[in-house]
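Subject: A structure for you to look at

Hello,

Here is the structure I promised to pass on. Please open it first, and then read my notes below.

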Amino acid sequence: MKTSGTDNGLRRGLKERHIQLIALGGSIGVGLFLGSATAIKLAGPALMISYMVGGIVVFCLLRALGEVAVQYPLPGSFSAYANLLFGPLAGYITGWTYWFMWVVTGMAEITAVGIYINFWLPELPQWIPALAAVILITLINLIAVEAYGEFEFWFALIKIVTIVIMLFTGLGVILFGVGNGGIAVGISNLWVHGGFFPHGAAGMLLALTMVLFSYVGIEVIGVTAGEAKDPGKTLPAAIDKVFWRIILFYIGSLYVILCLYPWDEIGTVGSPFVSTLERIGIAKAAGIMNFVVLTAALSSCNSGIFSTGRMLYSLALAKNAPAFLIRLNRFHVPVNGVLVSSFCLVVGVILNYLAPAKVFTYVTSIGAFAGLWVWATIFMVQLKFRRSLTDGQAAKLAYPMPGYPLSGWLCLIFLVLVAFLMSFDPDTALALVVGPMWLAGLVASYYLFIRPNSRISIL
């Protein structure tokens with residue numbers, strides 16, 4: 001298969017450094033900077049184990065996706081693979097569900113942009129910076145894919161630099177008492193306030209739902225396959241490095257925060273990042289962190305517009321979306337897919353202001369359900385793909401999934417466990433009700449408008 005130039009019309013302009021930072025930017029979100037207070041209250045210091053378990057699942061997810069993406073670097077990634085391996089209905093459901101997930105995420109992030117700008121300009125109506133952000137991100141995504149890669153590289157780099165500064169600063173306080181009168185804080189906060197497992201194993205398990213959702217977005221690395229330079233080389237390199245950096249940033253940040261502050265006080269005094277920076281005398285730490293979360297929101301929106309534009313393009317190629325979405329501009333960017341997604345973001349921001357909160361909660365719950373659906377689809381795609389190969393073909397795979405097939409099945413069981421745990425929280429339990437309704441609506445729309453005479457083919 002050709003892997004350079006303009007496969008399927010898209011230009012392969014994303015380098016390894018772009019792909020690494022795109023994946024990091026998609027998975028390191030605003031929640032980490034503002035403090036995972038709710039998850040910490042559930043699990044206490046044991047939350048680090050929850051994140052480690054989630055990180056192992058993420059590693060398997062990326063390797064499962066990488067095995068297929070390196071072999072077939074197609075636009076649309078897992079939606080295209082579901083279409084090829086399980087039938088057009090599976091590709092239709094997965095593609096539109098992933099598209100909706102990012103649109104909902106983008107609505108929330110764009111709305112947040114207005115709030116963050118109000119930190120500096122309290123008199124400015126929130127809709128103005130929100131609209132300006134949509135226009136900016138849209139223009140970035142309409143230029144050549146290299147431009148998107150560069151902007152996302154720098155957006156994500158700001159978040160990473162902030163985490164690194166916080167890690168070193170926190171370790172200085174913990175080990176040497178920097179900013180604490182030379183008295184080392186130590187690590188006793190990990191166990192002196194009710195123990196490492198203050199709520200037992202149950203608390204650690206209940207936190208898994210929030211941990212999983214904090215990692216959602218990392219699968220965007222698969223969407224880049226259709227525009228990656230030399231995907232057989234860049235994708236494996238990016239995946240291997242991203243996993244270890246995700247573990248370092250998430251678990252490292254939590255370790256520092258939980259050592260510095262009693263776990264049962266976190267969330268009552270604002271962002272732990274701000275508190276840590278203020279502790280060593282950095283002036284205007286709140287303003288600095290507001291800038292960081294602003295770039296984090298813009299980064300998420302940037303990845304969302306990129307992903308949704310490519311997903312609509314892939315769906316249109318498979319005749320699962322209107323044909324006008326196939327159109328590319330002179331930079332080989334799916335211009336109509338990008339514009340449709342951007343328009344939906346604007347509508348979403350308006351609805352967020354006007355619609356009753358309950359209605360918007362229903363909509364966002366589909367986004368939570370979509371994360372589970374997409375991840376389960378990726379594992380099932382890899383299992384089906386490997387079963388379709390002969391022993392000789394499997395032996396020649398450039399980037400095989402380790403531990404096949406046990407690793408894939410264990411991760412699917414993990415996702416089922418997370419779905420079960422979601423039922424214990426009213427906010428996440430809603431996703432288990434609204435999500436299947438969303439799928440039923442997609443199936444109905446498929447047979448009414450897309451394939452009225454086709455045979456049912458489901459995952």
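A word on naming before we start: helices (H or I, at least four residues) and strands (E, at least two) are DSSP runs, numbered from the N terminus. Please keep in mind that this is a predicted model, in which local features need pLDDT of at least 70 and side-chain atom pairs count only at pLDDT 80 or more, while totals for chains, interfaces and linings use all residues. Residues are numbered from 1 along each chain as its sequence is written, and side-chain values use heavy atoms, with hydrogens and water left out.

First, the overall picture. The protein chain has 19 helices and zero strands. Of its 459 residues, 57% are buried, where buried means under 20% relative accessible area, exposed means over 50%, and partly exposed lies in between (1.4 Å probe, protein chains only). The accessible surface of the chain is about 18,200 Å², and carbon and sulfur atoms hold 71% of that; these areas come from the Shrake-Rupley method with a 1.4 Å probe, and for residues only the protein chains shown count as cover. Among contacts (heavy atoms within 4.5 Å) with a separation of 6 or more, 80% join residues 24 or more positions apart.

Next, the surface. W127, I128, L131, I135, L139, I350, Y353 and L354 form a nonpolar patch there, with about 790 Å² of accessible area together. Patches are made of residues with over 30% relative accessible area and no salt bridge; like charges are joined within 9 Å, and nonpolar side chains (Val, Leu, Ile, Met, Phe, Trp, Tyr) within 5 Å. Both α7 (127-142) and α15 (335-354) supply at least two residues of this patch, and α7 gives the largest share, with five. I350 sits in α15 and counts as partly exposed because its relative accessibility is 45%.

How does α7 pack against α8 (residues 145-176), and at what angle? The angle is about 130° and the axes are 7 Å apart, so α7 is oblique to α8. Axes here are lines fitted to C-alpha atoms, for helices over the stretch in contact, and angles run from 0 to 180 degrees between N-to-C directions. Angles under 35 degrees count as roughly parallel, over 145 as roughly antiparallel, 65 to 115 as roughly perpendicular, and the rest as oblique. I137, I140 and N141 of α7 meet A147, Y148, F151 and F155 of α8.

Now for a charged pair. A salt bridge is a side-chain nitrogen of Lys or Arg within 4 Å of a carboxyl oxygen of Asp or Glu, and the count by this rule is one. E67 pairs with R386, their closest N and O atoms being 2.5 Å apart. The two link distant parts of the chain, with E67 in helix α4 and R386 in helix α16 (residues 357-387), 319 residues apart. Both E67 and R386 are buried.

- S50 lies in α4 (residues 47-71) and is buried, at 0% relative accessible area. Leaving out residues up to four places away in sequence, S50 touches M204, A207, L208 and V211.
- F331 is in the loop between α14 (285-317) and α15, and is partly exposed at 25%. F331 and V145 are 186 residues apart in sequence but 7.7 Å apart in space, C-alpha to C-alpha.
- N336 belongs to α15 and counts as buried, at 14% relative accessibility. Beyond its neighbours within four places in sequence, N336 contacts F324, L325 and R327.
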